[in-house]
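Me: I have a new structure to look at and could use a hand. Can we go through it together?

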Amino acid sequence: MLFEAFILLVVLPLFFLTLLLFGAFVIIPGAFIFASWYMRIYERKKQRRLRDGPNLAFFHPYCNAGGGGERVLWVAIKAILTRYPDTNIYIYTVDTAEPQTIANKVQNTFNVKVDASKLNFIRLVSKRVIEASSYPYFTLLMQSLGSMVMGMEAFMKFNPDIFIDTTGYAFTYPIFRYLAQCPVGTYTHYPIITKSMMRRVQQRIVSYNNRGIIARNPVFTWCKLLYYKAFGWLYGIVGRCADVVMVNGTWTEDHINDLWNSPFKTHRVYPPCEVTELKQLRSLVKDTDPIRILSVAQFRPEKDHPLMLQAMYELRNLLVKNEVLWNKIKLVFAGACRNAEDEERVQNLKDLAKHLSLENSVQFVVNAPYAQLLQLYQTCSIGLHAMWNEHFGISVVELMAAGLITIAHRSGGPLADIVETSDTSRTGFLCSEADEYARAILEVIALAPDERQRIIDAARASVDRFSTLEFEKTFLRVAEPLMKLDS
Ligand SMILES: *[C@@H]1O[C@H](CO)[C@@H](O)[C@H](O)[C@H]1NC(C)=O
C-alpha cells in the first residue's frame, strides 16, 4: 500500500518532471541549435554557389577505365560544361592519374575534349570495399554496403551541391540525399539485381548467381530467395532516394521500374554511340559482286553463330533450283577472339560449316583492325545478328548506320529499341528461326532498288536516336531539375 502510494505520488511525478525538464532544456534547444547550424551551412552553401557556381560531383570510381560507361560520364561532363559554364566539376574516383593524363586519354579514346583545369578529382582510398572479389559470400549485399562506406568517404571529403552517380551504386543515394542534402541524379546501365535472377534461384537453376549446392537444396534455395527478396526491397528504397533516374535502354528501364517503381522520374537516355563516321560510309558494292552478308560479333557462345550457319543451310534449300544465285551469296563472320576458348569456338564453327557443306560460302575474319572492318561495311550489303535477348545490340546499330540492310534477332534490344518493321517505316528485319532468317535474306535480295534505298535511308536516319548529339540533348533536358537552385 505504502509502496504503491510512493510510486504514484513521488516516483511518477519525478519521472515526468525530469522528462519535461529534459525536453525543455535539452531536446528543444538542441533541435534549435542543430537547425540554425544546419541553416547556416545551407545558407553558406547557397551563398558560395551563387558566387562561384554550383559544385557538381559525379560518382564514378573507375573514371579512367575507357569503357562504355566512361564514355557516358565524359560526354555528360562536356555537355554540362557547355550548357552551364560556371559549374565546377568534381569526380569521386579511386584512379590516381593526373587530371591532364585523364583528359588526354578521354580525348584519345572517346574523341571528347574536356578542359583539365575544370576538373577536380576527389581521390577515394576505400577501393577494396566495392570489389566483388573481396566478398566470397553475400556478394551483392556486401558490395552494396561497401559502396555505402565509399559513399561516406566521398561525402566526408567533399560535400557537393549536386550529386550524379554514373555507375549505378544506388546505396550511395541516401547519403547524399539526406546527409549532404543535395539533389541526386543517376545514370544506370544495369540493375544490381533483377527479377530474372530471383526467378533462376526460385526455379533452382544452376547459373553464375546460383551455385549447385544451393540449387540442389530446398532450404538453401528458400533462404537465398528470401535474401534476394530482401535485397531487392532495399535496392528499391535506396533507388527511390534519387530525384532523377536515367536508364540506358528499355531493358534496364523495365527492370528498374520493376524494383524502384517510380516511373515518373525514370527517363530512358540512350548512351552515346559513334554513328557519325559510319553514316558517312559509301557502299562500294557493284552489281557483279557477290552478295555479301556481314555478321559483326565476338566469337562468344551467346552470339549464336551456329544459328546463322543454319540460316545459310536453309537458304541453300530454298535455292536448290537457283545454283547461280546461291553461288553468289557469301556470309562473312567478322569478330574478335579474346582467348583460346574463342579460338576453339571458331574452329568448331568452321567444322560445322564444313559439315553443312557451306565451307565455300562462309568466310571468317578474326580480330580485324578497324580499317578492315570499315572496308567490310562498304563491301557487304546485308547485316546479320542472331543473339537471343541481347540487352541492346550496338552491333545492330552500327550495321544500320553503315548502310547495310539488317536482319536481327526478334528479341531484346533489337526488338524493343532498334529495329522498326512496320511496312511504312521499315528500318530492318527481325527473325528468330533459321528458316525465317533464310526467307528474310531472300526477301532483301529481291528488293527493288528504290525500296532498298528507302529502308537504308530510314535505318540511317533512325540511328540518330543513339548519337552523341541526341544523348547530350536528352541528358541536359532530364538533368535540368537537378541544376536548378532550390529544387
Ligand atoms: C546498358 O548497359 C548494359 C551494361 O553495360 C549493356 O549491356 C547494355 O547493352 C546497355 N544498353 C544500351 C542501350 O546501350
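This is a predicted model: local features need pLDDT of at least 70, side-chain atom pairs count only at pLDDT 80 or more; totals for chains, interfaces and linings use all residues.

Me: Ok, ligand first. Which residues surround the ligand?

Reply: The shell is made up of His189, Tyr190, Asn248, Pro271, His391 and Phe392.

Me: By class, how many of the shell residues are nonpolar, polar or charged?

Reply: There are 3 nonpolar and 3 polar residues around the ligand. None is charged.

Me: How far is the polar side-chain atom of Asn248 from an oxygen atom of the ligand?

Reply: That distance is 2.3 Å. His189 comes in with its backbone instead: an N or O atom there lies 3.0 Å from a ligand oxygen.

Me: And how much of the ligand does the protein bury?

Reply: It buries 69%. That is a share of the 360 Å² the ligand exposes when taken alone.

Me: New topic: sheets. What is the strand order in the sheet with 7 strands?

Reply: The order is β3-β2-β1-β4-β5-β6-β7. The sheet is open, and its pairing is parallel.

Me: Which are the edge strands there?

Reply: β3 (119-123) and β7 (266-268). Each of these pairs on one side only. From one strand to the next, the twist averages 20 degrees.

Me: Which strands does helix α2 lie across?

Reply: Helix α2 (residues 68-83) lies across β1 (55-59), β2 (88-93), β3 and β5. It runs at about 165 degrees to β2.

Me: Now the sheet with 6 strands. What order are they in?

Reply: They go β10-β9-β8-β11-β12-β13. This sheet is open too, with parallel pairing.

Me: Why is one side of β10 and of β13 left without a neighbour in the sheet?

Reply: β10 (362-366) and β13 (429-431) stand at the edges with a single partner strand each, so one side of each has no neighbour there. The twist here averages 25 degrees from strand to strand.

Me: What joins β8 to β11?

Reply: 3 bridges do, between residues 291-296 and residues 382-384, and these strands run parallel. In β11, Leu384 is the bridge partner of Ser295.

Me: And which strands lie under helix α11, I mean, what does it lie across?

Reply: Helix α11 (residues 305-318) lies across β8, β9 (329-335), β10, β11 and β12 (405-409). Its angle to β9 is about 175 degrees.

Me: Last one: where is Glu436?

Reply: Glu436 is in helix α17 (residues 434-445). Leaving out residues up to four places away in sequence, Glu436 touches Arg410, Leu430 and Cys431.

Me: How far apart are the C-alpha atoms of Glu436 and His189?

Reply: They are separated by 32 Å. Along the chain, the two residues are 247 residues apart.

Conventions. Residues are numbered from 1 along each chain as its sequence is written. Side-chain values use heavy atoms; hydrogens and water are left out. A residue is near a molecule or strand if one of its heavy atoms lies within 4 Å of it. A polar contact is a pair of N or O atoms within 3.5 Å; within protein, one must be able to donate a hydrogen and the other to accept it, and residues adjacent in sequence count only if both atoms are side-chain atoms. Accessible areas come from the Shrake-Rupley method with a 1.4 Å probe; for residues, only the protein chains shown count as cover. Ala, Val, Leu, Ile, Met, Phe, Trp, Tyr, Cys and Pro count as nonpolar, Asp, Glu, Lys and Arg as charged, and the others, Gly among them, as polar. Two strands pair if DSSP finds at least two bridges between them. Helices (H or I, at least four residues) and strands (E, at least two) are DSSP runs, numbered from the N terminus. Axes are lines fitted to C-alpha atoms, for helices over the stretch in contact, and angles run from 0 to 180 degrees between N-to-C directions. Contact means heavy atoms within 4.5 Å.
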